Amino acid sequence: MSCTVVVGAQWGDEGKGKIVDALSAEADIVARYQGGPNAGHSVIREGRTIVLHLVPSGVLQSGRRCLIGNGVVVDLPKLREEIAELEAFGVDVRGRIGLSAAAHLILPYHRAAEAVSEKGPGAIGTTGRGIGFAYRDKAARTGLRVADLEDASQFIAAADRNLRRLMLEYPEADALRGMTGAALWDQMRPFAEWAGPLVTDVGAELHQGLAAGKRVLLEGAQGTLLDLDHGTYPYVTSSSASAAGAPLGVGLGPRAVGRVVGVTKAYATRVGNGPFPSEMPEDEAARLREAGEEYGATTGRPRRCGWLDLPALRYAARINGLDELVVTKLDVLDAFGEIRVLERYELGGRLVNEPPARAAALANCQPKWRAFPGWNESTSRVRRWQDLPAKARDYLEWVERECAVRIGTVSVGAERDAEIRRG
């Protein structure tokens, strides 16, 4: 079976959109397996940046079938808006988008509750789009799915039940008081009618495609260090962002996956709260942030910036069973005279080679640095591995050896052709 998973090997924002777009040229079907419209995958086409939130990044490759799996939480108004924007740009999406009937819905009460929960101490730093509360309902078996839009009375009854529970839990959420199940149904009905032709059995379609010899690419959102089980809990997302979540999120068995590609920046960034041991001082971070345009594609929030965290990257390689690494944004480091890597942590006087499970312990880790000389020349026009500056190759080859995962591709710019395939 020819099924490849693309996964973020850091805290998200690694540049997966561009990589999926490139790999989609060699795929027949591209499916998204988790996350919601909190993701923002940026792809440049004809000089214009297109930000995709729910639609798989393969949509910009002509003729590719793009599926939204059961592991994704879907905001139908946002999905319709995103598809309309693609069509306005000239992307033909007719008959190419499929939506799992088992995908859970993000509803207005999810956003209202999340807005209140994120106030004050203990805030996770979410995008405020209701993703976490939609997944919470899914885990509590109280969620509403795309399939539930087929029955108005059951939808209204379930929504009223959820509203009663949330109003008891969050009495200060004024926005909840004006909501009713009937009003929500009236709001969702036109979107339900619009989405009807998109609904498909994603798992069955993928299984049939693989059996027919089609090539499948599975795309996630966020990154391994934000995985609900394996990330820097509780400062994580609400779904399985690692490779193991890919077949689960589209309805395939684990044996379907034949290759896992991890994407990492040549440095590190993080959005929201939580420990970040390799974080730079703000003056240094500001320089990198501007050079790398490190602002959230969905929210516009400035990203926290730091040097590459080797223990975290090695951990991501192990958790995902990576077959290959893609390193993005190498060109952002072109003007830095010294490149640093967090080689190990020091915690309580001991050297630690992997991130500790407790977020508080990770926050207390002191970085032990390794320094590399910068190459101080542009890499943006390089297209062959042997043409990279020797110091850049030294840096990349050291990372490769330390992670025990081959670097197959290096990205040196946002454009489609700005990459070096190692062969």
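**Exercise 1. Determine whether aspartate 21 is buried or exposed, and describe its salt bridge.**

Step 1. Aspartate 21 has a relative accessibility of 1% and therefore counts as buried; buried means under 20% relative accessible area, exposed over 50%, and partly exposed in between, with a 1.4 Å probe and protein chains only.

Step 2. The model is predicted, so local features need pLDDT of at least 70 and side-chain atom pairs count only at pLDDT 80 or more, while totals for chains, interfaces and linings use all residues. Residues are numbered from 1 along each chain as its sequence is written, and side-chain values use heavy atoms, with hydrogens and water left out.

Step 3. Aspartate 21 forms a salt bridge with arginine 416, with 2.7 Å between the closest N and O atoms. A salt bridge is a side-chain nitrogen of Lys or Arg within 4 Å of a carboxyl oxygen of Asp or Glu.

Step 4. This pair links distant parts of the chain, 395 residues apart: aspartate 21 lies in helix H1 (residues 16-23), and arginine 416 lies in the loop between strand S19 (407-411) and strand S20 (419-421). Helices (H or I, at least four residues) and strands (E, at least two) are DSSP runs, numbered from the N terminus.

Step 5. Arginine 416, at 38% relative accessibility, counts as partly exposed.

**Exercise 2. Describe the salt bridge of lysine 368 with glutamate 346.**

Step 1. The closest N and O atoms of lysine 368 and glutamate 346 are 3.4 Å apart.

Step 2. Lysine 368 belongs to strand S18 (residues 366-373) and glutamate 346 to strand S16 (residues 338-347), so that the pair links distant parts of the chain, 22 residues apart.

Step 3. Lysine 368 is partly exposed at 36% relative accessibility, and glutamate 346 is partly exposed with a relative accessible area of 27%.

Step 4. Elsewhere, salt bridges that share partners join Asp13, Lys265, Glu294, Arg303 and Lys329 into one network. The structure holds 27 salt bridges.

**Exercise 3. Describe how helix H5 packs with helix H7.**

Step 1. Helix H5 (residues 152-169) and helix H7 (residues 181-195) pack at about 125 degrees, with their axes 8 Å apart. Axes are lines fitted to C-alpha atoms, for helices over the stretch in contact, and angles run from 0 to 180 degrees between N-to-C directions.

Step 2. This makes H5 oblique to H7; angles under 35 degrees count as roughly parallel, over 145 as roughly antiparallel, 65 to 115 as roughly perpendicular and the rest as oblique.

Step 3. Residues of H5 in contact (heavy atoms within 4.5 Å) with H7 include Phe155 and Leu163, and those of H7 include Trp185 and Met188.
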